[in-house]
Amino acid sequence: MNRYPVWKYTILLIVLLVGVLYTLPNFFGEAPAVQVSAAKSAVRVDESTRERVEQALKAASLPTGGVTLDGTSVRARFESTDEQLKARDAVQRALVTDANDPSYVVALNLLSRSPAWLTKLGAVPMYLGLDLRGGVHFMLQVDMNAALDKKVESYAGDLRGALRDKNIRHGGISRDGQAVEVRTRDAATVTAVKNVIADQFPDLVTSDAGDGENARVVARIKPEAVRKVQDQALKQNITTLHNRINELGVAEPVIQQQGADRIVVQLPGVQDTAKAKDILGRTATLEVRMVDESSEARAAERNSGAVPFGDEKYSDRAGQAIVVKKQVVLTGENLTDAQPGFDNQTQQPTVNLTLDAKGSRIFRDVTRDNIGKRMAIVLFEKGKGEVVTAPVIRSEISGGRVQISGSMTTVEANDTALLLRAGSLAAPMEIIEERTIGPSLGAENISRGFHSVAWGLAAIAVFMCIYYALFGVISSIALIVNVMLLVAILSMLQATLTLPGIAAMALALGVAIDSNVLINERIREELRNGATPQAAIATGYDRAWATILDSNVTTLIAGLALLAFGSGPVRGFAVVHCIGILTSMFSAVFFSRGLVNLWYGRRKKLKSVAIGTVWRPGADAASGAVVK
């Protein structure tokens with residue numbers, strides 16, 4: 001009646017072992033660290049960089065817990081924050097020779113102290129939020145006017161091309177604020193221009209200005225389209241920041257919209273505000289421009305003459321100057337993908353770009369009209385341009401697939417593709433609020449949260465042991481297993497634990513013990529009704545299960561609603577709350593019954609159970625169910 005088959009005990013044992021394995025990393029804590037990553041796509045972080053960092057630390061007589069190369073960054077661990085700060089300064093002096101144009105980002109960070117064998121098994125600690133781990137918090141204001149100006153400029157270029165395709169002659173196209181003006185010569189031209197705009201630009205609304213030879217067609221963005229542009233700019237900025245920060249290895253960043261034009265960025269573990277700003281600013285923009293082939297441009301490249309009007313001078317990867325025209329033929333906005341690869345003929349590393357429909361059309365027209373001329377692909381990073389390649393156009397290129405090749409290594413090709421995939425910001429942003437939460441404050445929050453859960457667990461365990469005797473001890477063990485499984489699942493899912501999450505963990509204790517109280521009281525009720533101890537245990541668990549299931553499902557529904565419609569701290573609370581409900585049902589029902597069956601199940605002539613004093617109506621304590 002009260003016996004589990006071997007396979008059920010095997011499942012319980014496996015669950016316990018997995019729970020212990022994935023809970024362990026959370027007890028080792030975090031070590032202060034210095035993280036070195038590349039500040040430019042052309043800079044390579046490899047074994048030689050690790051050796052340079054190691055040498056700089058040795059020269060400064062700073063002991064480390066190890067200097068490792070992890071992916072695209074070098075990380076050095078230390079025992080104290082004082083050593084961490086001194087190490088940051090030493091590494092900064094060794095690697096960054098020009099503060100105005102740094103090649104490396106040297107930032108403060110926190111790394112787990114988990115043993116290597118646990119990490120190899122995939123057991124890593126759960127992520128801690130900004131309030132627990134410390135880190136930096138930014139509030140960014142998006143310049144929506146700049147986003148609209150950029151969109152209007154794009155419309156002006158597209159309209160110029162559309163009128164050229166339709167062979168409509170006009171007196172010129174210019175931008176006046178957030179409006180596009182087309183100068184016309186007669187009423188027929190005005191009508192033709194309006195028809196083109198109505199057919200190909202549904203987001204623009206037109207109006208007439210002037211008359212006669214000064215007649216103009218003014219096109220403005222519709223109000224609903226303005227809101228759409230602003231919303232898209234905000235979303236693109238969020239996506240760009242997320243991609244860039246994820247690629248840099250910052251654990252569980254929080255990047256979310258706040259209001260109509262603001263973005264909140266939280267970087268847990270990053271303690272260096274200045275370097276965090278540098279990370280946020282590291283986005284790359286691709287521009288395609290034509291190379292100026294004039295003699296004046298050649299003289300400017302040799303530094304023997306001024307740069308011609310309408311041109312700009314940049315350097316390529318080899319340091320050779322190239323003068324290109326300011327007019328941008330194509331931008332990174334038309335990119336849909338960027339992947340590293342190799343040239344089929346030379347086997348040199350390349351970056352393979354895929355353009356959208358609009359970009360494909362523009363690129364086809366440009367290459368068709370400029371055969372024999374050079375076209376430069378310029379990569380802008382942190383406001384500085386670099387010519388990646390400047391090939392000669394041999395033939396028309398259609399199909400939307402473009403290959404960038406040049407003096408690139410495999411790593412540089414990977415980094416360039418990475419930056420281009422991350423994209424560019426749709427609109428500039430300004431930091432209007434910033435604050436740093438130190439690791440000491442985070443440690444204090446963790447300590448207080450841990451003590452609140454621990455003391456709550458202890459108080460519940462003492463009460464259960466006094467009131468329910470051995471069954472109370474079993475319930476307490478099940479409660480400890482519930483907390484362990486909750487932490488293990490959060491670690492496996494790499495969820496972010498915050499202070500609201502700790503509150504949800506404390507609440508999960510109450511929910512979990514409630515199930516055990518229902519079971520124990522149900523067993524007591526069966527004993528009061530005269531059932532044998534074995535029958536009381538079986539009936540108590542079976543009949544309490546329906547009530548436990550109903551109460552937990554209704555609570556789970558409320559938790560899922562918080563998860564679906566909440567944000568920020570509310571979602572953090574909801575995640576821990578929902579997982580805690582599921583683990584409590586397992587530990588309170590299946591695990592506790594496994595212990596009860598293991599203790600009482602093999603006794604054929606069981607006369608009493610240790611479940612506290614069972615009171616019967618109109619009588620003293622039941623003689624067959626007193627505490628043993």
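## First stop: helix pairs

Select helix 1 and helix 16: the two pack at an angle of about 125°, and their axes are 11 Å apart. (Axes here are lines fitted to C-alpha atoms, for helices over the stretch in contact, with angles running from 0 to 180 degrees between N-to-C directions.) Helix 1 is therefore oblique to helix 16. On the scale used, angles under 35 degrees count as roughly parallel, over 145 as roughly antiparallel, 65 to 115 as roughly perpendicular and the rest as oblique. The crossing of helix 1 past helix 16 is left-handed; that word applies if the near helix is turned anticlockwise from the far one by less than a right angle, and right-handed if clockwise.

Before going on, some housekeeping. This is a predicted model, where local features need pLDDT of at least 70 and side-chain atom pairs count only at pLDDT 80 or more, while totals for chains, interfaces and linings use all residues. Residues are numbered from 1 along each chain as its sequence is written, and side-chain values use heavy atoms, with hydrogens and water left out. Helices (H or I, at least four residues) and strands (E, at least two) are DSSP runs, numbered from the N terminus.

Now follow helix 14 along its length. How far does helix 14 reach from its first C-alpha to its last? With 30 residues, it reaches 44 Å, close to the 44 Å expected at 1.5 Å a residue (the expected span is 1.5 Å times one less than the number of residues). Click on Gly 530, which follows helix 14 and has a positive phi, near 95°.

For another pair, pick helix 2 (47-59) and helix 3 (81-95), whose axes come within 9 Å and cross at roughly 125°. These two are therefore oblique to each other, and helix 2 passes helix 3 in a right-handed crossing.

## Next stop: the pockets

A pocket is an open set of points on a 1 Å grid over the protein atoms alone, where a 1.4 Å probe fits, with protein on both sides within 12 Å along at least five of seven lines; lining residues have an atom within 4 Å of a point.

Select Glu 153, Ser 154, Asp 158, Thr 331 and Lys 358, which lie nearest the centre of the largest pocket, out of 46 lining residues. Helix 6 gives the most to this lining, 13 residues.

Then show Asn 26, Phe 27, Met 126, Ile 446 and Phe 450: of the 36 residues lining the second largest pocket, these lie nearest its centre. Here helix 13 supplies the largest share of the lining, 13 residues.
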